[in-house]
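Subject: Structure handover

Hello,

Here is the structure for you to look through. My notes follow below it.

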Protein chains: 2
Amino acid sequence: MSPQHTEFVKRNEQYVANFGNKGDLAMPPAKKLIIVTCMDARLDPAAHLGIKEGDAHIIRNAGGMVKDELRSIIISQRLLGTREVAIFHHTDCGMLTFASDDVRSIVKDAAKGDAVVAAKVDAIDFLPFKDLEGSVKADVAWLKNEPLVLPETTITGWVYDVKSGKVSQVV
Amino acid sequence: MSPQHTEFVKRNEQYVANFGNKGDLAMPPAKKLIIVTCMDARLDPAAHLGIKEGDAHIIRNAGGMVKDELRSIIISQRLLGTREVAIFHHTDCGMLTFASDDVRSIVKDAAKGDAVVAAKVDAIDFLPFKDLEGSVKADVAWLKNEPLVLPETTITGWVYDVKSGKVSQVV
């Protein structure tokens, strides 16, 4: 077991010791809410939104892009009763700093001309964006226009500021 | 602003008031680590693993399935320097309770025969599983065999027990 894993287990023991009655929580989110946000290490959405265990589904990926997560959103809505999606993107996001071709070049250069790698990475849209508020609005619009999402869903878009910890609603 | 949103903003004000020097954190994860886990409302991976702001990328979706997240993992490794992935699935996961065709039927029935909806939902693999430890092992194996993932990546698989809060390493 690596030092990293020893640390997981040690810190987890403290969590287990203070677990209380969280084992009684139901599977469906109490607030009928999905939070979509970035995987960024500086973000702790449970902490900065006051989301407690049992409250909400939390979906995270590079950028907080809804296009990668239709499978998860459908499962959340149709099997577990959520009816609201709040999408958060954030300031100083890595997605603002590159183009898809930049990542493709890095991967292809490291693979030294491997044709399988080149074909696979060229097929991936890395979903970078240049305009933070614009990207939030675009993701809200994409989800509102998606026929597999329930039409009665409340969909909002937000920005999280990594310099202050503050959230602001965009749309 | 809905009551839900008023609550976000109110609780966020408390987070901002205690933000300290977190605004100085760097974008790349300090532990060079990606956590992949489920969107389940009962999970707070930062709390149950003792992950602090700045430590790790956290990716979450229905089940904690790596197949949906190759875009994010590539960005994390190639642009932000992570070299380890720890995959967590959990007991009492919704993914253990259905087949893809069950979700497809629910969506198609609600859409009352809409052909666009039917074709779209039939094309989605909802990635359910029947065996919890087996699904963890399968995701670890999938990532180890993925040519777009760096070969030097440390990849481990874990189970989180929602009844006790305890994590156990599977592979």
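**A salt bridge inside a helix**

R11(A) and E7(A) sit 4 residues apart in helix α1 (residues 3-17) of chain A, so about one helical turn separates them. Their side chains meet in a salt bridge, at 3.5 Å from N to O. By salt bridge I mean a side-chain nitrogen of Lys or Arg within 4 Å of a carboxyl oxygen of Asp or Glu. Side chains of opposite charge can pair when their charged atoms come close. Over all chains, the structure holds 17 salt bridges.

**How to read the values**

This is a predicted model, where local features need pLDDT of at least 70, side-chain atom pairs count only at pLDDT 80 or more, and totals for chains, interfaces and linings use all residues. Residues are numbered from 1 along each chain as its sequence is written, chains are lettered from A and ligands numbered from 1 in the order in which they are written, and side-chain values use heavy atoms, with hydrogens and water left out.

**Chain A**

Chain A has 6 helices and 5 strands. Helices (H or I, at least four residues) and strands (E, at least two) are DSSP runs, numbered from the N terminus. Starting at the N terminus, the order in chain A is α-β-α-β-α-β-α-α-α-β-β. The C-alpha trace of chain A spans about 55 × 50 × 35 Å along its principal axes.

**Helix pairs within each chain**

Take chain A to begin with. The axes of helix α4 (residues 100-110) and helix α5 (residues 115-122) of chain A come within 9 Å and cross at roughly 170°. Axes are lines fitted to C-alpha atoms, for helices over the stretch in contact, and angles run from 0 to 180 degrees between N-to-C directions. α4(A) and α5(A) are therefore roughly antiparallel to each other. The cut-offs are: under 35 degrees roughly parallel, over 145 roughly antiparallel, 65 to 115 roughly perpendicular, and the rest oblique.

On α4(A), R104(A), V107(A) and K108(A) meet V117(A), A118(A), V121(A) and D122(A) of α5(A). Contact here means heavy atoms within 4.5 Å. This contact has 4 nonpolar, no polar and 3 charged residues. Ala, Val, Leu, Ile, Met, Phe, Trp, Tyr, Cys and Pro count as nonpolar, Asp, Glu, Lys and Arg as charged, and the others, Gly among them, as polar.

Now chain B. The axes of α4(B) and helix α5 (residues 115-122) of chain B come within 9 Å, crossing at roughly 170°. That makes α4(B) roughly antiparallel to α5(B). R104(B), V107(B) and K108(B) of α4(B) meet V117(B), A118(B), V121(B) and D122(B) of α5(B). By class, the residues are 4 nonpolar, no polar and 3 charged.

**Between the chains**

The contact takes 85 residues from chain A and 85 residues from chain B. Together the two chains bury about 7,200 Å², with 62% of it on carbon and sulfur atoms. Buried area is the accessible area (1.4 Å probe) that two parts lose on being put together, summed over both. F8(B), M39(B) and R71(B) supply 11% of the area that chain B buries against chain A, more than any other three residues.

There are 6 salt bridges between chain B and chain A. One of them joins E146(A) to K120(B), with the closest N and O atoms 2.7 Å apart. On the side of chain B that touches chain A, helix α1 (residues 3-17) of chain B gives the largest share, 9 residues. That side divides into 47 nonpolar, 16 polar and 22 charged residues.

Helix α3 (residues 70-80) of chain A meets helix α4 (residues 100-110) of chain B at an angle of about 75°, their axes 10 Å apart. That makes α3(A) roughly perpendicular to α4(B).

Best wishes
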